[in-house]
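Dear colleague,

Please find below the structure that I am handing over to you.

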Amino acid sequence: MTIAESLRRFRQDYGLTQKQVADKIGVYPQAYAALERSKTGEHIIPRVDTLIKIAQAFNVSLDYLAGLTDDPRTIKQILEELGDAAPVAVPEELTLESLQAEIKKLQFQLDRQQDEIKELRIKFVEL
């Protein structure tokens, strides 16, 4: 599914007009209409900040918007659904530095869990 098809589907699912979506994401209605009309092979590519606004407006991930996944949930939504199982703080503004810091925390947690598993295996073998 193309971004244009996704945009049209989301807008219709929400019962919105093109003008309402355009106003919500801060673009001219004609510009938004052009995004919905674009077909594969045409080179109407929205700016990244516009794509982010569209994804936020429809409460879906960029990957879902681009047709790269069937899961519409954002990373933040997935982590919230996991609750205590994934105690990772999601910063309000994602930056490369904040993501790298979260990756380091997760790697540390993973290393610690792997060490615990090794200890349990050793104890099990000793039994």
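V60 is in contact (heavy atoms within 4.5 Å) with F10, A55, P72 and T74, leaving aside its neighbours within four places in sequence. V60 also belongs to the largest nonpolar core, which has 15 residues. A nonpolar core is here a set of buried Ala, Val, Leu, Ile, Met, Phe, Trp, Tyr and Cys residues joined through side-chain atoms within 4.5 Å. Buried means under 20% relative accessible area, exposed over 50%, and partly exposed in between, with a 1.4 Å probe and protein chains only. The members that touch the most other members are L7, F10, Y32, I54, F58, V60 and L65. Each of α1, α2, α3, α4 and α5 supplies at least two residues of this core, and α4 gives the largest share, with five residues. As general background, nonpolar side chains tend to be buried together in soluble globular proteins.

The model is predicted, so local features need pLDDT of at least 70 and side-chain atom pairs count only at pLDDT 80 or more, whereas totals for chains, interfaces and linings use all residues. Residues are numbered from 1 along each chain as its sequence is written, and side-chain values use heavy atoms, with hydrogens and water left out.

The overall composition is as follows. The protein has seven helices and zero strands, and its elements run α-α-α-α-α-α-α from the N terminus on. Helices (H or I, at least four residues) and strands (E, at least two) are DSSP runs, numbered from the N terminus. Of the 127 residues, 24% count as buried. Among contacts with a separation of 6 or more, 41% are between residues 24 or more positions apart. The protein exposes about 9,700 Å², of which carbon and sulfur atoms supply 57%; accessible areas come from the Shrake-Rupley method with a 1.4 Å probe, and for residues only the protein chains shown count as cover.

I turn next to the aromatic rings. Rings of Phe, Tyr and Trp (its six-membered ring) pair if their centres lie within 6.5 Å; planes under 30 degrees apart count as stacked, over 60 as edge-to-face and the rest as tilted. By this rule there are three aromatic pairs. One of them, F10 with Y64, is stacked, at 5.7 Å centre to centre with 25° between the planes. Since F10 lies in helix α1 (residues 3–13) and Y64 in helix α5 (residues 62–65), this pair ties together parts that are 54 residues apart in sequence. F10 and Y64 are both buried. Y14 and F58 form a tilted pair, with 5.4 Å centre to centre and 50° between the planes. F58 is buried, at a relative accessible area of 3%, whereas Y14 counts as partly exposed at 45% relative accessibility. Ring pairs link F10, Y14, F58 and Y64 into a cluster.

E36 counts as buried because its relative accessibility is 3%. A polar contact is a pair of N or O atoms within 3.5 Å; within protein, one must be able to donate a hydrogen and the other to accept it, and residues adjacent in sequence count only if both atoms are side-chain atoms. The side chain of E36 makes such contacts with the side chains of R11 (2.6 Å) and Y32 (2.9 Å). Apart from its neighbours within four places in sequence, E36 is in contact with A4, L7, R8, R11 and Q18.

In helix α2, the buried residues are V21, A22 and I25. Seen down the axis of α2, these residues fall within an arc of 100°, so they line one face of the helix; the arc is that of the directions from the helix axis to the C-beta atoms. The buried residues of α2 pack against α1, α3 and α4. After α2 comes G26, whose phi is positive, near 80°. T50, in helix α4, is buried with a relative accessible area of 13%. With neighbours within four places in sequence left aside, T50 is in contact with I25 and V27.

Finally, N59 has a positive phi of about 60° although it is not a glycine. N59 is placed in the loop between α4 and α5 and is partly exposed, with a relative accessible area of 46%.

With kind regards
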